[in-house]
Amino acid sequence: MSLDLKLASFEGLEEEPRKKCPNCERSCKFYCPNCFTILNEINKTPQLTLPLKTFIVHHPKEKVSKSTAIHAKVLAPESVEIIEFPHGLDTLVENSENDQAFDPESTLLLFPCEESKPISEVNWEKIQNVVFIDSTWFQTSKILRDPRIKDLPKIQINNYKTRFWRYQNVGVHCLATIEAIYYFFKEFVTHKNNGKYEGQVDNLLFFFEYTFQLIQKKYKREKRPFKHIKGYIKNDDENDEDVEENEKEKEKEKEKEKEKEKNTEISEITKEQTQQKTNNKEIEQTKKKKKLN
Ligand SMILES: [Zn+2]
């Protein structure tokens, strides 16, 4: 279960008080989700610079304060821009300073589909920007139809299992936005350094990993089930392979059950058919008898 991350220390995070944001006066913990200001007093929040300018297109139907995209903005403020769809995109593209921002020559979109290329197959020479979409699947299709987005060359990352605690019903490989950003940059840095990766962007998961561990500890300590995601809380002696093995076993059992059900159904149908035949015969015989009489 451990990702072996090189993270800044979590020391003091638990004791951090809620604070009022100096800009908007909202009461928050760690950072303000409106202004992206860090509010920590005790813990030192890590700050990163990413190797590409990062645009996160956010659909306003989803609350930005609930999105993990904010982690990227708070942890790498110079490199990350969160853009509200569609008005934020209008403003950005109209601004002459940013006319490169959504130019298909220098900008890629992370989106898995048939035409998207893996990182190793991209010509990175002219690439300066990478775009991520932060929305539900339903809203994503709307964003993808936008003329400024639809012509961007698409890239994809490998398959990873999400560790997100918020329930979603689209499968374990559907990542939280910060996980997608992290794995993208991890693969990008590894590719640029000829296969070597030394934790350069691990701190993108600073708040995510902290919350993940907090939930794991809390539910283990209180021996409570984590109801909305099955198997989310992992025992210390249990690793992913065990869980996968268990899941495979369960899958097999399910298959067997299905097979059984099918067989029962078939035998019932056969029984019914035989019954029907017998009935028909009887009717025939009665008819014959009647005729004879
Ligand atoms: Zn604020």
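How many bridges join E5 to strand E8, residues 154-156? Two strands count as paired here if DSSP finds at least two bridges between them. E5 and E8 are joined by 2 bridges, and they run parallel. Leu110 stands opposite Ile155 in E8.

Some ground rules before I go on. This is a predicted model: local features need pLDDT of at least 70, side-chain atom pairs count only at pLDDT 80 or more, and totals for chains, interfaces and linings use all residues. Residues are numbered from 1 along each chain as its sequence is written. Helices (H or I, at least four residues) and strands (E, at least two) are DSSP runs, numbered from the N terminus.

Now the overall picture. The protein chain has 7 helices and 8 strands. Of its 293 residues, 22% are buried. Buried means 20 or more other C-beta atoms within 10 Å of the residue's own; exposed means 12 or fewer; partly exposed is in between; and the C-beta atoms are placed from the backbone. Two residues are in contact if their C-beta atoms, again placed from the backbone, lie within 7 Å. Take the contacts between residues at least 6 apart in sequence: 62% of them join residues at least 24 apart.

Next, the sheet. It is open, with 6 strands in the order E4-E3-E7-E5-E8-E6, and the pairing is parallel. E4 and strand E6 (117-118) stand at the edges with a single partner strand each, so one side of each has no neighbour in the sheet. Helix H2, residues 87-94, packs on the sheet and touches E3 and E4. The direction of H2 makes about 125 degrees with that of E4. Axes are lines fitted to C-alpha atoms, for helices over the stretch in contact, and angles run from 0 to 180 degrees between N-to-C directions. H5 lies across E3, E5 and E7, at about 155 degrees to E7.

Look at E3. Of its 6 residues, 5 are buried. E3 pairs with E7 in the parallel sense over 6 bridges, and with E4, also parallel, over 5 bridges. Val57 has a bridge partner in each: Ile133 in E7 and Ile83 in E4. The chain crosses from E3 through H1 to E4, a right-handed β-α-β crossover. Right-handed means that, with the strands pointing away from the viewer, the path from the first strand over the helix to the second runs clockwise.

On to the core. A nonpolar core is a set of buried Ala, Val, Leu, Ile, Met, Phe, Trp, Tyr and Cys residues joined through C-beta atoms within 7 Å. The largest one has 49 residues. Val57, Ala72, Val131, Ile178, Ile181 and Leu204 touch the most other members. Among the elements giving two or more residues to this core are strand E3 (53-58), helix H1 (69-75), strand E7 (129-134) and helix H5 (177-192). H5 gives the largest share, 7 residues. What does Ala72 touch, leaving aside its neighbours within four places in sequence? Thr54, Ile56, Val80, Ile178, Ile181 and Leu204.

Helix H6 next. Its 16 residues should span 22 Å at 1.5 Å a residue, and its end C-alpha atoms are 22 Å apart, which agrees. The expected span is 1.5 Å times one less than the number of residues. Phe206, Phe207 and Phe208 in H6 are buried. The buried residues of H6 pack against H1 and H5. Is Lys220 buried or partly exposed? Lys220 is partly exposed, because 14 other C-beta atoms lie within 10 Å. Lys220 and Lys234 are 14 residues apart in sequence and 8.4 Å apart in space, C-alpha to C-alpha. Just after H6, Lys223 takes a positive phi of about 50 degrees.

Last, some backbone details to check. A cis peptide bond joins Phe85 and Pro86, with omega about 0 degrees. Pro86 sits in the loop between E4 and H2. Phe30 is not a glycine, yet its phi is positive, about 70 degrees. Phe30 is in the loop between strand E2 (27-28) and E3, and counts as buried because it has 20 C-beta neighbours inside 10 Å. Phe36 is also in the loop between E2 and E3. Its phi is positive as well, about 65 degrees, although Phe36 is not a glycine. Phe36 has 19 other C-beta atoms within 10 Å, so it is partly exposed.
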